[in-house]
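Hi,

Here is the structure I promised to hand over. Please have it open while you read; my notes follow below.

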Amino acid sequence: MELVRAATLTGYFETAAALRLDPVPLLRRAGLTRRAIAEPDRMIPARATIALLEDSARTSQCPTFALRMSQRRTVADLGLVSLLIAHQPNLREALAVMQRYRNRINSTLVLQLEERGGVVVLHESFALNPPLVSRQADELAMGVMAGVGQWLLGERWRIEEVRFAHAAQPVGEMPVYQRSFGAPVRFGSDFLGLVLDPA
């Protein structure tokens, strides 16, 4: 079974409250409990987590539900691995640590750096079998990675462009993307990832 740390859902209850969403029936439908989510290091089923995010976005009529959650996350929510990440000399090594210890963070998330045409692309994908497409999981993961990069590099962190495979969101939701990434966002792309300044 694919598992993620319960800390993946950090900010869930606050985001639900801000949108006046009752989380109890949603948790029940996903097979999760408030108690399980309250223990950050507890491993919970990845598919149940994704189902909860998708159901919450649909019920609240807020397509950026998970992206809003990511804005409440800190690097400390990655657990003990965050201490290792903090001591890496550069972003490449920090991402290598995240990949090496992904079973302690999110066993389904795969990260890959690619140098392409003068830019660096941080690809994200999910190793789920069978595959599962989730707009909410994609946006949560991208929002968290943007936060990690900002925390590690500060003013040196530069996102040139954000790429999502899914269709564009309503125009009214675009300020949420701007707050999360501070960069142009392209929807309907052939990959999921962050296009970064090589420097």
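Start with the contact between α8 and α9. On the α8 side, Glu139, Met142, Gly143 and Ala146 take part; they meet Tyr177, Ser180 and Phe181 in α9. By class, this contact has 4 nonpolar, 2 polar and 1 charged residues. The two helices pack at an angle of about 35°, and their axes are 9 Å apart. Helix α9 covers residues 174–181. Keep in mind throughout that this is a predicted model.

Helix α8, residues 135–153, also packs against α4, residues 46–60. Here the axes come within 8 Å and cross at roughly 105°. Angles of 65 to 115 degrees count as roughly perpendicular, so α4 is roughly perpendicular to α8. From α4, the residues in contact are Ile50, Leu53, Glu54 and Ala57. Their counterparts in α8 are Arg135, Gln136, Ala137 and Leu140. This contact divides into 5 nonpolar, 1 polar and 2 charged residues.

Next, the strands. β3 (residues 109–116) and β4 (residues 119–126) run antiparallel, joined by 8 bridges. Together they form a hairpin with 2 residues between them. Arg116 has Val119 in β4 as its bridge partner. In the turn, Gly117 has a positive phi of about 55°.

Two backbone details are worth a look.

- The peptide bond from Asn129 to Pro130 is cis, with omega near 0°. Pro130 sits in the loop between β4 and α8.
- Arg20 has a positive phi, near 55°, and is a residue other than glycine. You will find Arg20 in the loop between α1 (12–18) and α2 (23–30).

Last, the largest pocket. How much space lies in it? About 300 Å³. The lining of the largest pocket has 14 residues. Those nearest the pocket centre are Leu91, Leu153, Asp197, Pro198 and Ala199. By class, the lining divides into 9 nonpolar, 1 polar and 4 charged residues.

Begin at α8, with α9 packed at about 35° and α4 crossing at roughly 105°. Then go to the β3–β4 hairpin. Finish at the largest pocket, with Leu153 among the residues nearest its centre.

Best wishes

How values were computed:
Residues are numbered from 1 along each chain as its sequence is written. This is a predicted model: local features need pLDDT of at least 70, side-chain atom pairs count only at pLDDT 80 or more; totals for chains, interfaces and linings use all residues. Side-chain values use heavy atoms; hydrogens and water are left out. On a 1 Å grid over the protein atoms alone, a cavity is a set of points where a 1.4 Å probe fits but cannot get out, and a pocket is an open set with protein on both sides within 12 Å along at least five of seven lines; lining residues have an atom within 4 Å of a point. Grid points are joined across faces, edges and corners, and a volume is the space filled by probe spheres set on the points. Ala, Val, Leu, Ile, Met, Phe, Trp, Tyr, Cys and Pro count as nonpolar, Asp, Glu, Lys and Arg as charged, and the others, Gly among them, as polar. Axes are lines fitted to C-alpha atoms, for helices over the stretch in contact, and angles run from 0 to 180 degrees between N-to-C directions. Helices (H or I, at least four residues) and strands (E, at least two) are DSSP runs, numbered from the N terminus. Angles under 35 degrees count as roughly parallel, over 145 as roughly antiparallel, 65 to 115 as roughly perpendicular and the rest as oblique. Contact means heavy atoms within 4.5 Å. Two strands pair if DSSP finds at least two bridges between them.
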